[in-house]
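Biologist: I have a model open and want a quick walk through it. Can we take it step by step?

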Amino acid sequence: MSIKKVVENALNLLDKADDGIVLMNMYNEVVHPADAAFKGQVVYPYNAKSFIEESFRQNGIDLTDKDLRFMLMKLLLSFEQMEANKVRKRKVNELLRENAISEFGKLM
């Protein structure tokens, strides 16, 4: 399973969670409380955090490691900064090209 799919599943699980608790039916499917009540299903409370940790652990990422979580956040923030800098650099290059300011800042 790709990491993107694992992240999507974790976010969907958190959408259905209530204070970190999700309800699961006997087939280990996450069920929204309103759906369970409407269909009259028997559900069991389950800790969403441990469910997410286990799904990431099966894909080789141990979210219980605090240092790893910080490194992942730092990596994502750095990546976003690089993307933002590329956009800014592209805009500056376009302005320089449009205005033909190639000699700007040179001493004569």
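Biologist: What share of the 108 residues in the chain is buried?

Modeller: Buried residues make up 12% of the 108. Buried means under 20% relative accessible area, exposed means over 50%, and partly exposed is in between (1.4 Å probe, protein chains only). This is a predicted model: local features need pLDDT of at least 70, side-chain atom pairs count only at pLDDT 80 or more, and totals for chains, interfaces and linings use all residues. Residues are numbered from 1 along each chain as its sequence is written, and side-chain values use heavy atoms, with hydrogens and water left out.

Biologist: How many helices and strands are there in the chain?

Modeller: Four helices and three strands. From the N terminus on, the order is α-β-β-α-β-α-α. Helices (H or I, at least four residues) and strands (E, at least two) are DSSP runs, numbered from the N terminus.

Biologist: And the strands. Which way do β1 and β3 run?

Modeller: They run antiparallel, joined by four bridges. Strand β1 covers residues 21-24, and β3 covers residues 44-47. M24 stands opposite Y44 in β3. Strands count as paired if DSSP finds at least two bridges between them.

Biologist: How many bridges join β1 to β2?

Modeller: Two, and that pair is antiparallel as well. Strand β2 is residues 30-31. L23 stands opposite V31 there. The hairpin of β1 and β2 has five residues between the strands, and N28 takes a positive phi near 60° in it.

Biologist: Which residues of β1 are on its covered face?

Modeller: V22 and M24. I21 and L23 are on the uncovered one.

Biologist: Back to β3. Is P45 buried or exposed?

Modeller: P45 is exposed, because its relative accessible area is 62%. P45 lies in strand β3. Leaving aside neighbours within four places in sequence, P45 is in contact with I21, V22 and L23. Contact means heavy atoms within 4.5 Å.

Biologist: How far apart are P45 and G20?

Modeller: They are 25 residues apart in sequence and 9.9 Å apart in space, C-alpha to C-alpha. For the chain, take contacts between residues at least 6 apart in sequence: 39% of those join residues at least 24 apart.

Biologist: New topic: α3. Which of its residues are buried?

Modeller: A48, I52, E53 and F56. They are on the same side of α3, because they cover an arc of only 130° around the axis. The arc is that of the directions from the helix axis to the C-beta atoms.

Biologist: What do those buried residues pack against?

Modeller: The buried residues of α3 pack against α1, β1 and β3.

Biologist: A glutamate in that list. Why does E53 count as buried?

Modeller: E53 counts as buried because its relative accessibility is 14%. E53 lies in helix α3, residues 48-58. Not counting residues up to four places away in sequence, E53 touches L63 and T64.

Biologist: Which residue forms a salt bridge with E53?

Modeller: K49, with the closest N and O atoms 3.4 Å apart. A salt bridge is a side-chain nitrogen of Lys or Arg within 4 Å of a carboxyl oxygen of Asp or Glu. E53 and K49 both lie in α3, four residues apart, about one turn of the helix. K49 counts as exposed because its relative accessibility is 57%.

Biologist: How many salt bridges does the count come to?

Modeller: Four by this rule. One of them joins D62 and R57, with the closest N and O atoms 3.9 Å apart. D62 is partly exposed at 32% relative accessible area, and R57 is partly exposed at 38%.

Biologist: Where do K86 and E83 lie?

Modeller: Both are in helix α4, residues 66-99, three residues apart, about one turn of the helix.

Biologist: Which residues are joined into one network?

Modeller: E54, R57 and D62, by salt bridges that share partners.

Biologist: Last one: the surface. Which residues make the nonpolar patch?

Modeller: I3, V7, L11 and L14, with about 340 Å². Patches are made of residues with over 30% relative accessible area and no salt bridge: like charges are joined within 9 Å, nonpolar side chains (Val, Leu, Ile, Met, Phe, Trp, Tyr) within 5 Å. Areas come from the Shrake-Rupley method with a 1.4 Å probe, and for residues only the protein chains shown count as cover. L14 is in helix α1, residues 3-16. L14 counts as partly exposed, because its relative accessibility is 47%.
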